[in-house]
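Reader: I'm new to this one and would like to know what stands behind the labels. Could you walk me through it?

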Amino acid sequence: MAIQRKSSNKLHLKQILKRCSSLGKKNGGYVDDYGLPLDVPKGHFAVYVGQKRSRYIVPISLLSHPQFQSLLRQAEEEFGFDHDMGLTIPCEEVVFRSLTSSMLR
């Protein structure tokens, strides 16, 4: 059962990343030939955080951290992933910066 849950989580994370990479096309942003935003380096993705929806570029490695996965579940519950706002994290910016900086150490 743990293997099935792990593959299910992996599939879910791939769907999230695919959704994130298509945002540049929908928002008329600057994109490369593959439709990926030019300002997001390989191995990273963009998220929007806080009331002002500040944009943060974070490494994909954060997806393996349980705390970040919890933030993604909260985002899905609050906003869903089928909207044009981008991947929005329902958390204050100060908290997000603190969590991500501790995860990157």
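Reader: What is the accessible surface of the protein, and what share belongs to carbon and sulfur atoms?

Author: In this predicted model, the accessible surface is about 7300 Å², and carbon and sulfur atoms hold 54% of that. As for burial, 34% of the 105 residues count as buried.

Reader: What is the protein built from, and in which pattern?

Author: You'll find 4 helices and 3 strands. Going along the sequence, they follow α-α-β-β-α-β-α.

Reader: What makes Arg 53 stand out in its phi value?

Author: Its phi is near 55°, which is positive, and Arg 53 is a residue other than glycine. Arg 53 sits in the loop between E1 and E2.

Reader: Why is Arg 53 called partly exposed?

Author: Its relative accessibility is 32%. Buried means under 20% and exposed means over 50%, so with a value in between, Arg 53 counts as partly exposed.

Reader: How many aromatic pairs are there?

Author: The count comes to 2.

Reader: Why is the pair of Phe 45 and Phe 68 called edge-to-face?

Author: The ring centres are 6.1 Å apart and the planes stand at 75°. Centres have to lie within 6.5 Å for a pair, and planes over 60 degrees apart count as edge-to-face, so Phe 45 and Phe 68 meet both conditions. Phe 45 belongs to strand E1 (residues 44–49) and Phe 68 to helix H3 (residues 66–79), so the pair ties together parts 23 residues apart in sequence. Phe 45 and Phe 68 are both buried.

Reader: And what makes the pair of Tyr 56 and Phe 96 tilted?

Author: Here the centres are 5.2 Å apart, with the planes at 55°. Stacked needs under 30 degrees and edge-to-face needs over 60, so this pair counts as tilted. The two residues are 40 apart and link distant parts of the chain: Tyr 56 is in strand E2 (residues 54–59), Phe 96 in helix H4. Tyr 56 and Phe 96 are both buried.

Reader: How do you know that the buried residues of H4 are on the same side?

Author: The buried ones are Phe 96, Thr 100 and Met 103. Their arc around the axis is only 60°, so they are on the same side of H4. The buried residues of H4 pack against E1, E2, H3 and strand E3 (88–89).

Reader: Why is Thr 100 called buried?

Author: Its relative accessibility is 9%. The cut-off for buried is under 20%, so Thr 100 counts as buried. You'll find Thr 100 in helix H4, which covers residues 93–103.

Reader: Which backbone oxygens does the side chain of Thr 100 reach?

Author: One is the backbone oxygen of Phe 96, at 2.9 Å. Another is the backbone oxygen of Arg 97, which lies 3.2 Å from a polar atom of the Thr 100 side chain. A polar contact needs its atoms within 3.5 Å, and both distances, 2.9 Å and 3.2 Å, are within that.

Methods. Residues are numbered from 1 along each chain as its sequence is written. This is a predicted model: local features need pLDDT of at least 70, side-chain atom pairs count only at pLDDT 80 or more; totals for chains, interfaces and linings use all residues. Side-chain values use heavy atoms; hydrogens and water are left out. Buried means under 20% relative accessible area, exposed over 50%, partly exposed in between (1.4 Å probe, protein chains only). A polar contact is a pair of N or O atoms within 3.5 Å; within protein, one must be able to donate a hydrogen and the other to accept it, and residues adjacent in sequence count only if both atoms are side-chain atoms. Rings of Phe, Tyr and Trp (its six-membered ring) pair if their centres lie within 6.5 Å; planes under 30 degrees apart count as stacked, over 60 as edge-to-face and the rest as tilted. The arc is that of the directions from the helix axis to the C-beta atoms. Contact means heavy atoms within 4.5 Å. Accessible areas come from the Shrake-Rupley method with a 1.4 Å probe; for residues, only the protein chains shown count as cover.
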